[in-house]
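Subject: Structure handover and notes

Hello,

Here is the structure for you to look through. Please open it alongside the notes below.

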Amino acid sequence: MAKKKKSYYTKNDKATASGISFAAKEAYNLLRTNLFFSFSDDVKCHVIGVTSTISSEGKSLTSANTAMAMAEAGKRVLLIDSDMRLPTIHKKLGFKAAPGLSNLLVGMNDVEKAIYRLEDKGFDVMPAGNTPPNPTELLGSARMEKLLNGLSAHYDYIIIDLPPVTIVSDALVASKYLSGVVFVVRGGRATTSELAEAMRQLEFSNVKVLGFVYNSAEGAKNNNYSRKYSKSYGRYYGA
Ligand SMILES: Nc1ncnc2c1ncn2[C@@H]1O[C@H](COP(=O)(O)OP(=O)(O)OP(=O)(O)O)[C@@H](O)[C@H]1O
Ligand SMILES: [Mg+2]
């Protein structure tokens, strides 16, 4: 698989720019370490979902930067944009959305066509693909499980950027193949009752919450190292 993959150098990167703050970079490294400790070595590939209560809490930024931090530690990483309704990973990293995940789930057989190798960041990306009429069904389909099974032979970690929990049920249908989720909470966004509802839904669907990321824009103002974004992490709950 690795030999035929398209090589790509990100030109217009708005997600994992070298301009992210020192504090943010350290926080992503800490998240990476905590995730590494969450899993035993006897499973070959871990599939980690990234979700949140509502939109715009920083899921895609967290997914991309976690993928990069893991790749920097020498892991083989694939980042999948599973938000087939409102995909953003391709925009943040500066390439096109299709072909991607949805195309594979509706019949395209050549997996390589849907994977970009980011040479400058060391990880692979599968964009969301063309928007289908039935994203939730596709994400919960047997074909998705089969696709992940095939991909898991080539990666140590597959990170899936999921839609938010309380808006659509995609994160819940994905529970059957996820090792667990990283849950992003952005300061000042979701209400505590919305957050409690999201937790209730995850628990009901037996989704394992690996940890919480507290994404705060406030830290950026107060930290001398910060140039663009700052992420601070609340207590991390290991598995
Ligand atoms: N800590 C932060 N400080 C400033 N801007 C931020 C921060 N975190 C995220 N953003 C910005 O907020 C927007 C939403 O971030 P992102 O796309 O990562 O969220 P998301 O949860 O993936 O959103 P969606 O639900 O739409 O997929 C982006 O423009 C991003 O650059
Ligand atoms: Mg997103």
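**Overall**

Please keep in mind that this is a predicted model. The protein chain has nine helices and eight strands. It runs to 239 residues, and 53% of them are buried. Take the contacts with a separation of 6 or more: 79% of them are between residues 24 or more positions apart. The accessible surface of the chain is about 11000 Å². Carbon and sulfur atoms account for 52% of that surface.

**Backbone points to check**

Most residues other than glycine have a negative phi, and most peptide bonds are trans.

Start with the peptide bond between Ala98 and Pro99. This bond is cis, with omega at about 0 degrees. Pro99 sits in the loop between α3 (89–93) and α4 (101–105).

Next is Ser56. Its phi is positive, about 60 degrees, although Ser56 is not a glycine. You will find Ser56 in the loop that runs between β2 (46–52) and α2 (59–72). Ser56 is partly exposed, because its relative accessibility is 48%.

Then go to Asn206. Asn206 is not a glycine either, and its phi is also positive at about 60 degrees. Its loop lies between α8 (192–204) and β8 (209–215). Here the relative accessibility is 69%, so Asn206 counts as exposed.

**Salt bridges**

Side chains of opposite charge can pair when their charged atoms come close. The structure holds five salt bridges. Three of them are described here.

Glu72 pairs with Lys25, and their closest N and O atoms are 2.8 Å apart. Glu72 belongs to helix α2 and Lys25 to helix α1 (residues 22–38), so this pair ties together parts that are 47 residues apart in sequence. Glu72 is partly exposed, at 47% relative accessibility. Lys25 is partly exposed too, at 26%.

Arg117 and Asp124 form another bridge, at 3.1 Å from N to O. Asp124 has 0% relative accessibility, so it counts as buried.

The bridge between Glu197 and Arg200 has its closest N and O atoms 3.1 Å apart. Both residues lie in helix α8. They are three residues apart, about one turn of the helix. Glu197 is partly exposed at 29% relative accessibility. Arg200 is partly exposed at 46%.

**Helix α6**

Which residues of α6 (residues 142–151) are buried? Met144, Leu147, Leu148 and Leu151 are. These residues cover an arc of only 95 degrees around the axis, which means that they lie on the same side of α6. The face turned away from that buried side carries the exposed residues Ala142, Lys146 and Asn149.

What covers the buried residues of α6? The cover includes the strands β2, β3 (77–81), β5 (123–126) and β6 (157–161). It also includes the helices α4 and α5 (135–139).

The largest share comes from α6, with five residues.

**Where to look in the viewer**

- The cis bond between Ala98 and Pro99.
- The positive phi at Ser56, and the one at Asn206.
- The salt bridge of Arg117 with Asp124, where Asp124 is buried.
- The pocket lining, to which α6 gives five residues.

Best wishes

How values were computed. Residues numbered from 1 in each chain as written. Chains lettered and ligands numbered in written order. Predicted model: local features only at pLDDT ≥ 70, side-chain atom pairs only at ≥ 80, totals over all residues. Heavy atoms only, no water. Helix = DSSP H or I, 4+ residues; strand = E, 2+ residues; numbered from the N terminus. Buried < 20%, exposed > 50% of the residue type's maximum accessible area, 1.4 Å probe, protein only. Contact = heavy atoms within 4.5 Å. Areas by Shrake-Rupley, 256 points an atom, 1.4 Å probe, with all protein chains shown as cover. Salt bridge = Lys/Arg side-chain N within 4 Å of Asp/Glu carboxyl O. Arc of directions from axis to C-beta.
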